[in-house]
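Dear colleague,

I am handing over the structure below, and my notes on its salt bridges and on one of its helices follow it. Please read them alongside the coordinates.

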Amino acid sequence: MVSVVLAVFNEEQRLDKTVRSILEQTFKNFEFIIIDDGSTDHTLKLLKEYEQRDKRIILLINHENLGLTKSINKGLKIARGDYIARIDGGDKAHPDRIKTQIEFMENNPAVYMVGTFAYWIDNTNKIIGRCRFPIEPEQVRKKIFGQTSVALHPSLLIRRALFAKIGLFDERYKTSMEYELYHRTISNNLDIANIPDYLMYILRDNKGVSVDKIKTEFINQFKIRSRYLFSMLTLCNVYNTVFSFIFIITPTFILRKIVDVRINFTKST
């Protein structure tokens, strides 16, 4: 019924808790597609061991690093489940996560994608913050242009029918690929919702947080807003698109402060 898709690159130190959190779900009817994206550490060795221990695991191997978007799409192309569940390396799912999301989707046939609330955790699994999103589809629709995200990508459960209707993740985006998918979903008058339960634990160790990465995300989000603006044209959406352009031309030293504030706010929320 469900295909869980996980793409990893050099995650040997953080992989076990992620894999175990899926294998120990109270909902058992799933296949677990894991894509090793050209890892150079012992990640692939560990994945082969997991594959031997649990027949639900399907291991795909990229012999070179393709990036997250292409790797996820590779998994989606062979997925057999009616639903696609996402998770990222280092993150953990609550044991009832998939069960709760399946029940929600079965009771809400108009919703094509559902996320959850989440706790931010550090490397010791200590909770350092909370992550919340708009709940109802109409709230998501109203806030899609005004927020950097309206759902948490690693928490998503998606009807496979969505990809048949509108296509896979856009491989032009190495980051913000889920943000583009949210816009494409809503522009096709399909609903996104969030369950207000904390069903994910998202690792926040600041690994990879940099001005360059943040600026790339800002640029991609501006491109995505501009691309979908005319199909969702409102004064508020025009304002948010123009406002997002400001971040692209913001000097680096100011972006550095934004990154620092963002990290500290997350830890104190």
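**Salt bridges and a helix**

Asp 16, which is partly exposed (between the limits of under 20% relative accessible area for buried and over 50% for exposed, with a 1.4 Å probe and protein chains only), has a relative accessible area of 34%. This is a predicted model, in which local features need pLDDT of at least 70 and side-chain atom pairs count only at pLDDT 80 or more, while totals for chains, interfaces and linings use all residues. Residues are numbered from 1 along each chain as its sequence is written, and side-chain values use heavy atoms, with hydrogens and water left out.

The side chain of Asp 16 meets that of Arg 20 in a salt bridge, with 2.6 Å from N to O; the term stands for a side-chain nitrogen of Lys or Arg within 4 Å of a carboxyl oxygen of Asp or Glu. Arg 20 is likewise partly exposed, at 39% relative accessible area. Both residues belong to helix α1 (residues 15-23), where they are four residues apart, or about one turn of the helix; helices here are DSSP runs of H or I with at least four residues, numbered from the N terminus.

In the whole structure, the search finds eleven salt bridges. One of them links Arg 56 to Asp 54, with the closest N and O atoms 3.0 Å apart, and here Arg 56 is buried at 19% relative accessible area, as is Asp 54 at 14%.

Another salt bridge pairs Asp 170 with Arg 172, the closest N and O atoms being 2.7 Å apart. In this pair Asp 170 is buried, with a relative accessible area of 11%, whereas Arg 172 is exposed at 61%. Through salt bridges that share partners, Asp 170 and Arg 172 are joined with Glu 180, Arg 184 and Arg 227 in one network.

Turning to helix α9 (residues 235-248), its 14 residues reach 21 Å from the first C-alpha to the last, close to the expected 20 Å, a span taken as 1.5 Å times one less than the number of residues. Which residues of α9 are buried? They are Asn 237, Asn 240, Thr 241, Ser 244 and Ile 248. These residues lie on the same side of α9, because they cover an arc of only 100° around the axis, the arc being that of the directions from the helix axis to the C-beta atoms. On the other side of α9, the exposed residues are Leu 235, Tyr 239 and Val 242.

Definitions and conventions. Helices (H or I, at least four residues) and strands (E, at least two) are DSSP runs, numbered from the N terminus.
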